[in-house]
Amino acid sequence: MTLETATPPAAAATEKPKPRRRRSTTVQDTRVDRVFMVGVYILLSTFLLIVFVPLINIVASSFSSPAAVSGGRVFLWPVEFTFIGYEAVLSNDQILTGFGNSVFYAVVGTLVSVALTVMIAYPLSRTELVGRKVLIGGVLFTMLFSGGLIPTYMVVRALGLLDTRWAIILPAAIGAWQVLIAMTFFRSSIPGELYEAAQLDGASDLRFLWSVVLPLSKPLLAVIALMYGIGQWNSYFSALIYLRSEDLYPLQLVLRDILIVNTRGGTNIADQLAAQQMADLMKFSLIVISTVPVLLVYPFVARHFTKGVMLGSVKG
C-alpha cells in the first residue's frame, strides 16, 4: 500500500506565487545610434559657437576702449574696460525719445496686429464660411506679390498718414504668414464640438471667440505677438520713408543718425581718426542697447513659442 503525499489546502492557499521577472523595456542603443548622437552633439555645439561667439565679442567690444576696438584687439573679453561707448550714446537726448517711440510702436503695433490677425484667421478657419477658399487664395496671393514701395507710399500719402505714428503701425499691421499660422491653429486645435456646445447654450460667435477660443490659444497668441513685436522693434525703413519729424523717430533710426553723425569727424586727420574709432565703438554699444529689450521679453514667451508653432502646423 502506497501513501500519496498531498499538499494541505491551507498550505496551498498560503503559498505565494513566484514573482514574474519583468522584462527590461529599455532599448539599447546600437553603435550606429551612438555615433549618430555624437555627430548631432558636435554639430549643435558648432552652431552654438557660431552664434554665441559673435555675441560675446559684441558685448566685450562695447565695454572696450575705442583704440582697442579699432585695432581689432578685442575677442571674448573687454580690453581697457570702459563705459565711454555707452556714455556717448546715452548722452544724446534723442535716445530716450527714440526708445519711447519704439516701445509705443512695438506695443501698440503688436496689439493691433494680433487683433486683426485673429479677426481674419478665425473666420477663415470655419469651413461653413461662404467664399472661404477665395479669401484664403487672396491671403496667399499677398505672400507672393506686393504692390511695391511707390504704390504703398502713394496709398499712405492718400490716407493722410505721412509723418504720423500710424504710418508705422498700419501698413505692417497684418502678415499673411501669421494669418496662415493662426488659421491652421484654430482649425486643428479648436474642436468643432465646442462650437456646437456653445451654440446650444445660446452663445454668439463673438462670445465663443472671446470666452473659448482665445483662452485656448495662448501659445498661438504668444507666437504671433513675438513675431510682430520683434518686427516692429527692429523696423527702421518704414520710419525712414514715412516720417519727417525727429520726435517720431524710433530707436533704430535715432541710432543710425547718431552713428552717421559721429563718423564725420573734424577737419584734420587726428580728429577724423578719433571720430572713426568712436564710431566703431558706438556701433557695438548701439547693438547691445537695441537688443536688450528683446532679450528681456523673450523668456516670458519662449515657453509658448515652440508649442504654438508646432500645434499650428500639424494639420493643414
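The lining of the second largest pocket is made up of 13 nonpolar residues, two polar ones and no charged ones (Ala, Val, Leu, Ile, Met, Phe, Trp, Tyr, Cys and Pro count as nonpolar, Asp, Glu, Lys and Arg as charged, and the others, Gly among them, as polar). The model is a predicted one, in which local features need pLDDT of at least 70 and side-chain atom pairs count only at pLDDT 80 or more, while totals for chains, interfaces and linings use all residues. Residues are numbered from 1 along each chain as its sequence is written, and side-chain values use heavy atoms, with hydrogens and water left out.

A pocket here is an open set of points on a 1 Å grid over the protein atoms alone, where a 1.4 Å probe fits, with protein on both sides within 12 Å along at least five of seven lines; lining residues have an atom within 4 Å of a point. Grid points are joined across faces, edges and corners, and a volume is the space filled by probe spheres set on the points.

The volume of the second largest pocket is about 340 Å³. Its lining has 15 residues, of which Ala106, Val107, Gly229, Pro293 and Val297 are the closest to the centre. At least two lining residues come from each of α5 (93-125), α12 (218-234) and α15 (269-311), helices being DSSP runs (H or I, at least four residues) numbered from the N terminus. With six residues, α5 gives the most.

Turning to the largest pocket, its space amounts to about 520 Å³. Thr142, Ser146, Thr152, Pro171 and Ile174 are the closest to its centre among 20 lining residues. The lining holds 14 nonpolar, six polar and no charged residues.
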